[in-house]
Amino acid sequence: MRKFEMIVPCHFGTEAMLKKEIINLGYKVSQVEDGRVTFFGDEEGVARANIFLRTGERVLIKVASFFATTYEQLFDQTKEIPWESYIPQDGKFWVAKAASIKSKLFSPSDIQSIMKKAMVESMKKVYGISWFQEDKESYPLRVFIKNDMVTIGLDTTGESLHKRGYRKLVSKAPIAENLAAALLMLTPWNRDRILVDPFCGSGTIPIEAALMSANIAPGMNRSFRAITWTNLIGELHWKRALDEAKERIVWPDKTDIQAFDSDYNVVKAARENAKLAGVDKLIHFQQRPIRELNHPKKYGFIVTNPPYGERLEEKQELLGLYKELGEGLRRLDSWSAYIITAFDEAEKYIGKKAVKNRKIYNGMIKTYFYQFPGPKPPTKRERHGQKDEKK
């Protein structure tokens with residue numbers, strides 16, 4: 001079976017969660033950098049990574065890595081790569097994206113153009129033709145240049161992994177699905193504990209929590225670019241990975257995942273998204289304003305993505321929302337709260353200092369993941385001891 005080194009980009013600040021996922025799938029991580037994790041795997045590993053990873057952006061097969069400070073070096077070393085090992089004669093190939101950080105080669109369009117020319121020159125000799133039809137399967141490449149080190153990856157995913165296929169109805173400023181999953185993994189929440197999102201929007205956080213609670217692989221109901229790459233990854237590997245995903249599903253006997261929003265239409269859309277994800281029965285949706293945040297049970301979790309208030313006219317309303325959120329947290333004094341927001345005065349208006357504040361980039365937006373862990377629930381032994389004392 002063919003072996004690959006694979007690169008998985010992710011949101012800045014979520015690398016540790018992605019690394020843990022890859023290790024749990026049984027693969028060896030070779031490198032962790034800002035915004036990406038690299039690991040070794042086989043053909044089936046490509047399929048499994050695409051289907052199972054919750055926190056990654058896409059799965060790239062690492063084609064090559066080399067040092068280049070001039071376009072001549074970039075051309076020559078790209079031309080030396082055995083492209084026929086990856087791209088068939090009738091395949092469509094191009095550099096879909098080029099990014100450069102602290103490097104002498106910095107123009108994405110020039111990098112893309114020069115590398116395409118080098119690939120054509122390389123394959124001309126191997127295939128003995130001067131013109132490529134490029135009318136069959138697509139083989140897009142992504143290039144990262146950092147400190148003059150060029151890394152080339154073949155994109156096996158296609159549409160980003162955060163597109164699970166369930167979010168057809170989108171509310172204002174939704175959080176990406178893979179980021180929502182990473183946030184949940186950064187908390188001690190598990191499916192036996194209460195979870196409430198009082199600003200549910202499109203329902204992404206509750207839906208990701210429900211998928212996790214039933215152990216449903218995020219990529220089960222979507223397609224991937226490399227499914228048709230029979231020259232690299234056989235169909236059988238995708239079938240095995242999908243069969244494994246189906247076997248892993250374990251529906252919980254009961255869950256207490258709740259999704260609230262003040263807007264009826266938003267709640268309706270979130271419920272429809274949950275239906276598309278197949279987890280609507282695991283989530284209780286309700287139209288409820290933040291001022292009514294309360295719960296009769298103890299030791300629950302709030303994980304939420306409240307409004308950021310990017311426009312000036314929203315500022316005053318925003319301050320009121322965060323004050324009401326703070327009042328709700330004071331009512332739920334045994335609960336843990338985890339809040340992601342780009343509003344840098346959140347703690348001030350919540351009225352509480354976070355125990356931990358983690359910087360995470362939601363796309364290009366710098367956000368803060370404020371963590372307010374509550375007390376741990378008593379163990380069975382402690383509860384029994386309390387009952388005995390009362391007797």
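Colleague: At 9% relative accessibility, does Asp148 count as buried or exposed?
Modeller: This is a predicted model, so every value here is computed from it. Asp148 lies in the loop between β6 and β7. Buried means under 20% relative accessible area. At 9%, Asp148 therefore counts as buried.

Colleague: What is phi of Asp148 near?
Modeller: Asp148 is a residue other than glycine. Its phi is still positive. The value is near 70°.

Colleague: Lys102 also has a positive phi, near 50°. Is Lys102 buried or exposed?
Modeller: Lys102 is found in the loop between β5 and α4. Its relative accessibility is 70%. The cut-off for exposed is over 50%. So Lys102 counts as exposed.

Colleague: Take the sheet with the order β2-β3-β1-β4-β7-β6-β5. Which strands stand at its edges?
Modeller: This is an open sheet of seven strands with mixed pairing. An edge strand here has a single partner strand, so one side of it is left without a neighbour in the sheet. The edge strands are β2 (28-33) and β5 (92-101).

Colleague: By how much are neighbouring strands of this sheet turned against each other on average?
Modeller: Direction is ignored in this average. The turn is 30°.

Colleague: How many bridges pair β1 with β3?
Modeller: Strands of a sheet pair through backbone hydrogen bonds, either parallel or antiparallel. β1 and β3 (residues 36-42) pair in the antiparallel sense. Ile7 has Thr38 as its bridge partner in β3. The number of bridges between β1 and β3 is seven.

Colleague: What is the bridge partner of Ile7 in β4?
Modeller: β1 and β4 (residues 60-67) run antiparallel and are joined by two bridges. Met6 stands opposite Ile61 in β4. For Ile7, the bridge partner in β4 is Leu60.

Colleague: How many residues of β1 are buried?
Modeller: β1 covers residues 3-9 and is mostly covered. It has seven residues. The buried ones number five.

Colleague: Which helix lies across β1, β3 and β4?
Modeller: The helix spans residues 43-52. It runs at about 135° to β3. It is α2.

Colleague: And which helix lies across β5, β6 and β7?
Modeller: This helix spans residues 108-127. It runs at about 140° to β5. It is α4.

Colleague: How many residues of α5 are buried?
Modeller: α5 covers residues 177-185 and is mostly covered. Among its buried residues are Glu177, Asn178 and Leu179. Of the nine residues in α5, the number buried is eight.

Colleague: Are α5 and α6 roughly parallel or roughly perpendicular to each other?
Modeller: α5 and α6 (residues 204-213) pack with their axes 9 Å apart. Their angle is about 65°. Angles of 65 to 115 degrees count as roughly perpendicular. So α5 and α6 are roughly perpendicular.

Colleague: How many residues in the contact of α5 with α6 are nonpolar?
Modeller: On the α5 side, the contact includes Ala180, Ala181 and Leu184. On the α6 side, it includes Ile205, Ala209 and Met212. One residue of this contact is polar and two are charged. The nonpolar ones number seven.

Colleague: Now the sheet with the order β10-β9-β8-β11-β12-β14-β13. Which strands stand at its edges?
Modeller: This open sheet has seven strands and mixed pairing. Each edge strand has a single partner strand, so one side of each is left without a neighbour in the sheet. The edge strands are β10 (283-287) and β13 (356-362).

Colleague: Which residue in β14 does Tyr338 stand opposite?
Modeller: Tyr338 lies in β12, where Val303 stands opposite it. β11 and β12 run parallel and are joined by four bridges. β12 and β14 (residues 365-372) run antiparallel, joined by five bridges. In β14, Tyr338 stands opposite Gln371.

Colleague: How many residues of β12 are buried?
Modeller: In a regular strand the side chains alternate between the two faces of the sheet. Ser336, Tyr338 and Ile340 point one way from β12, and all are buried. Ala337, Ile339 and Thr341 point the other way, and are buried as well. β12 is largely enclosed by the rest of the structure, so its count of buried residues is six of the six.

How values were computed. Residues are numbered from 1 along each chain as its sequence is written. This is a predicted model: local features need pLDDT of at least 70, side-chain atom pairs count only at pLDDT 80 or more; totals for chains, interfaces and linings use all residues. Side-chain values use heavy atoms; hydrogens and water are left out. Two strands pair if DSSP finds at least two bridges between them. Buried means under 20% relative accessible area, exposed over 50%, partly exposed in between (1.4 Å probe, protein chains only). Axes are lines fitted to C-alpha atoms, for helices over the stretch in contact, and angles run from 0 to 180 degrees between N-to-C directions. Angles under 35 degrees count as roughly parallel, over 145 as roughly antiparallel, 65 to 115 as roughly perpendicular and the rest as oblique. Contact means heavy atoms within 4.5 Å. Ala, Val, Leu, Ile, Met, Phe, Trp, Tyr, Cys and Pro count as nonpolar, Asp, Glu, Lys and Arg as charged, and the others, Gly among them, as polar.
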